[in-house]
Amino acid sequence: MRVAVECKSPLMQKSLELFLGKYLSSIKNCDILIRDVKCFDDERCFYISSAKDADLLKPFSKSQLILALEKRYKSLNKTKIEEELLEDESLEFDILQKRIESLTQEYQANILKVVRAFYEK
């Protein structure tokens with residue numbers, strides 16, 4: 001889990017950096033971006049505030065923060081894995097569909113051969 005912190009509050013910024021020392025990463029390379037301002041454009045955003053719609057309510061402990069971040073990380077990864085599985089399933093379905101079409105055409109050709117042979121005699 002790689003986490004970046006981008007807070008307007010310098011106190012919040014420094015506290016989170018101290019809490020998350022081993023998890024810290026750059027914004028470009030992070031899995032989760034922690035902010036103290038609501039953001040709508042980034043699914044990686046993790047919102048910390050006193051507001052009811054926050055991902056983590058203030059005040060919080062280090063363990064509460066880590067647990068909430070791990071939960072978010074798992075949900076993000078689950079979504080990615082589900083997307084990959086859907087892509088794999090669609091590829092497998094396409095292969096299956098082409099195979100069925102091929103077998104159907106082969107079966108049709110064999111039936112036509114038998115019918116032609118029957119009427120040509």
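Predicted model: local features only at pLDDT ≥ 70, side-chain atom pairs only at ≥ 80, totals over all residues.
Local features are reported only at pLDDT of at least 70 and side-chain atom pairs only at pLDDT 80 or more, while totals for chains, interfaces and linings use all residues. Residues are numbered from 1 along each chain as its sequence is written, and side-chain values use heavy atoms, with hydrogens and water left out.

The chain contains 2 helices and 4 strands, taken as DSSP runs numbered from the N terminus (helices: H or I, at least four residues; strands: E, at least two). Read from the N terminus, these elements follow the order β-α-β-β-β-α. Of the 121 residues, 26% are buried; here buried denotes under 20% relative accessible area, exposed over 50%, and partly exposed the range in between (1.4 Å probe, protein chains only). Contacts are defined by heavy atoms within 4.5 Å. Among contacts between residues at least 6 apart in sequence, 45% join residues at least 24 apart. The accessible surface of the chain amounts to about 9,400 Å², and carbon and sulfur atoms account for 57% of this area. Accessible areas were computed by the Shrake-Rupley method with a 1.4 Å probe, and for residues only the protein chains shown count as cover.

The largest nonpolar core comprises 18 residues, a nonpolar core being a set of buried Ala, Val, Leu, Ile, Met, Phe, Trp, Tyr and Cys residues joined through side-chain atoms within 4.5 Å. The residues with the most contacts inside this core are L16, L20, I34, F46, I48, L65 and L69. At least two core residues come from each of β1 (3-6), α1 (10-19), β2 (32-35), β3 (45-49) and α2. Helix α2 makes the greatest contribution, with 5 residues. With neighbours within four places in sequence left aside, F46 contacts I32, L33, I34, R35, D55, L56, L65, A68, L69 and R72.

Strand β3 also contains S49, which is classed as buried because its relative accessibility is 13%. The side chain of S49 lies 3.1 Å from the backbone nitrogen of A51. This is a polar contact, defined as a pair of N or O atoms within 3.5 Å; within protein, one atom must be able to donate a hydrogen and the other to accept it, and residues adjacent in sequence count only if both atoms are side-chain atoms. Beyond residues up to four places away in sequence, S49 touches A54, L56, L57 and K58.

Excluding neighbours within four places in sequence, M1 contacts Y23, D31, I32, L69, E70 and Y73. The C-alpha atoms of M1 and S25 are 9.2 Å apart, although the two residues are separated by 24 residues along the chain.

Side chains of opposite charge can pair when their charged atoms come close. The model contains 4 salt bridges, each requiring a side-chain nitrogen of Lys or Arg within 4 Å of a carboxyl oxygen of Asp or Glu. One of these joins R2 to D31, with the closest N and O atoms 3.0 Å apart. Because R2 belongs to the segment before β1 and D31 to the loop between α1 and β2, this pair ties together parts that are 29 residues apart in sequence. R2 is partly exposed, at 42% relative accessible area, whereas D31 is buried, at 13%.

A further salt bridge is formed by the side chains of D53 and K38, with an N to O distance of 3.9 Å. D53 occupies the loop between β3 and β4 (56-57) and K38 the loop between β2 and β3, so the pair connects parts 15 residues apart in sequence. Both residues are partly exposed, D53 at 47% and K38 at 35%. R72 and D55 likewise meet in a salt bridge, at 2.8 Å from N to O. This pair links helix α2, where R72 is located, to D55 in the loop between β3 and β4, 17 residues apart. R72 is buried, with a relative accessible area of 17%, and D55 is partly exposed, with 33%.

On the surface, Y107, I111, V115, F118 and Y119 form a nonpolar patch with about 610 Å² of accessible area together. Patches consist of residues with over 30% relative accessible area and no salt bridge, like charges being joined within 9 Å and nonpolar side chains (Val, Leu, Ile, Met, Phe, Trp, Tyr) within 5 Å.
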